[in-house]
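Biologist: Take me through this model term by term. I want each label set against its cut-off.

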Amino acid sequence: MGCKCSKLYVCFRDSEQGSAAPEVKGVEDEQKGELDNLPAFQEFTFDQLRKATSWFAVENIVSEHGEKAPNVVYKGKLENHVRIAVKRFNRSSWPDARQFIEEARAVGHLRNQRLANLIGCCCEGDERLLVAEYMPNDTLPKHLFHWDTEPMKWAMRLRVALYLAQALEYCTSKGHDLYHDLNAYRILFDGEGNPRLSSFGLMKNSKTGKSYSTNLAFAPPEYLRTGRVVPESVMFSFGTVLLDLVSGKKIPPSRALDLIRDKNVQMLTDSCLEGQFSEDDRTALLRLASRCLQYEPRERPNPKSLVAVLVPLQKDIEVPSHVLMGIHHGDSSLTLSPLGEACSRKDLTAIHEFLEKIGYKDDEGAATELSFQMWTNQVQDTLNSKKKGDVAFRHKDFRAAIDCYTQFIEVGTMVSPTVYARRSLSHLMSNMPQEAFDDAVQAQVISPVWHIASYLQVVALLMMGRDNEAQVALEEGSVLESKRNPSA
């Protein structure tokens, strides 16, 4: 591990003399519209995050080392249905509350498609928590080392390397050139199957440069000498990730450099990749890895150089990541019913036909029965309002339907999720998506296992341009539907 590698570097560098690196544009403004949908960084209360994670339930733990991890990561969902990842530090971490909040805010200002962006924090008493975008498709080791059906394709491995380099380039351009313990577990996959760099690793080391938790066989030499890391240490760690991508397994850098020096690169290559890459591709990637793994930090490349080398190597650039990864597009592995499909494409006519067809059979369990003592003329008038609303709904007179259903709801002696659902659709037909969303939520409050309410939320959210939340509601509706009707 402590051996110097200058001769190897010279050997590789000689073949690069005279070749100019291509000009590569960063990704700061890429898909800016999607980034605009991200909420601004905020400070959450501990109670908000406790509720979002179901009181930090064990089943919501998503960190690779489970309950034994010193700082555990949970998945959760906020009240507005936005899904989040919550990192809860142990009580000995971050004793200085002011420093924690300052650093969290600094990282929270970063916004980039190559990051799992930080959207909030919590600092109450001894509690220190970070909140980031939730990445539903696991970590790089899951797909690279522990795959179930097929190994990660060479083209996707190249894409992971490039996206990681672009994430580091962006962070460096914003003054965040230290990343705590970069390794394969820090690379996550979003709903589209695109690799993202966890923003959690940007918090440590931003002032003192003092922490490293990975197996020391993979630590930068300068850390072993001084107990500190420098910006170039991140490049060393990037080199270890490149080795992971080429080999499909964990190989200590010292062992890998010995194999390269002895020209035994076959031992470094994942045998599952046979026929997927050229010798030039493999040589280019191993050359870059060896440059990153130089003993002297000053001899390692910077993030911009990484991007310049990796861009020309990309394969199948027109193929979406989820296709290369062999995962379901978006975040759901469930097949949508005809109603779910109609809601996902905002087909209001099809939804209207469905709500007409089901009548009130989904009101089972709702408190619709009245005792004899409650039977009054007011109740009769209330029932008449519902009937008039149904007639208007059937004839697509949605303004009249809204008025009649509102009269029924405001009396409050009976509750009906179907009435709320029909008024929700009437609001959608009248271009009132926020009112439609509120009604759909109320329908689900009355009947928590009713998938139709979740589907109506999908349409309302899509009409308001809140696509990420719509995806969550669509999946929730699918789950509720499958639970209620397993044969569906």
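Modeller: Start with accessibility: buried means under 20% relative accessible area, exposed means over 50%, and partly exposed lies in between (1.4 Å probe, protein chains only). The model is predicted, so local features need pLDDT of at least 70, side-chain atom pairs count only at pLDDT 80 or more, and totals for chains, interfaces and linings use all residues. Residues are numbered from 1 along each chain as its sequence is written, and side-chain values use heavy atoms, with hydrogens and water left out.

Biologist: Why is D347 called partly exposed?

Modeller: D347 has a relative accessible area of 25%.

Biologist: What makes R345 and D347 a salt bridge?

Modeller: A salt bridge needs a side-chain nitrogen of Lys or Arg within 4 Å of a carboxyl oxygen of Asp or Glu. The side chains of R345 and D347 meet at 3.4 Å, N to O. That meets the rule.

Biologist: How many salt bridges does the whole structure hold?

Modeller: The search finds 20. One of them joins D47 to K51, with the closest N and O atoms 3.4 Å apart. Both residues lie in helix α3 (residues 46-52), 4 residues apart, about one turn of the helix. Helices here are DSSP runs of H or I with at least four residues, strands are runs of E with at least two, and both are numbered from the N terminus.

Biologist: What about the K153 and E150 pair?

Modeller: K153 forms a salt bridge with E150, and the closest N and O atoms are 3.4 Å apart. K153 is partly exposed at 28%. E150 is partly exposed at 40%.

Biologist: Which residues form a salt-bridge network?

Modeller: E356, D390, R394 and R422 are linked that way.

Biologist: Now the sheet. What makes β4 and β8 a pair?

Modeller: Two strands pair if DSSP finds at least two bridges between them. β4 and β8 (residues 195-198) have 2 bridges, in the parallel sense. A116 has S198 in β8 as its bridge partner.

Biologist: In what order do the strands run?

Modeller: The order is β4-β8-β7, in an open sheet of 3 strands with mixed pairing. β4 (115-116) and β7 (187-189) each have a single partner strand, so they stand at the edges, and one side of each is left without a neighbour in the sheet.

Biologist: Which helix lies across those strands?

Modeller: Helix α6 (residues 154-173) lies across β4, β7 and β8, at about 40° to β8. Axes are lines fitted to C-alpha atoms, for helices over the stretch in contact, and angles run from 0 to 180 degrees between N-to-C directions.

Biologist: Why is A165 called buried?

Modeller: A165, in helix α6, has 0% relative accessibility, so A165 counts as buried. A165 touches F238, P303, L306, V307 and L310, leaving aside residues up to four places away in sequence. Contact means heavy atoms within 4.5 Å. The C-alpha atoms of A165 and N302 are separated by 9.4 Å, though the two are 137 residues apart along the chain.

Biologist: And what makes Q457 buried?

Modeller: Q457 has a relative accessible area of 1%, so Q457 is buried. Q457 sits in helix α19 (residues 451-463). Its contacts beyond four places in sequence are H81, F437, A440, V441, Q444 and A473.

Biologist: Last, why is the F89 and W94 pair called edge-to-face?

Modeller: Rings of Phe, Tyr and Trp (its six-membered ring) pair if their centres lie within 6.5 Å; planes under 30 degrees apart are stacked, over 60 edge-to-face, and the rest tilted. By this rule there are 7 aromatic pairs. F89 and W94 have ring centres 6.3 Å apart and planes at 80°, so the pair is edge-to-face. Both F89 and W94 are buried. F393 and F398 have centres 6.1 Å apart and planes at 80°, so that pair is edge-to-face too.
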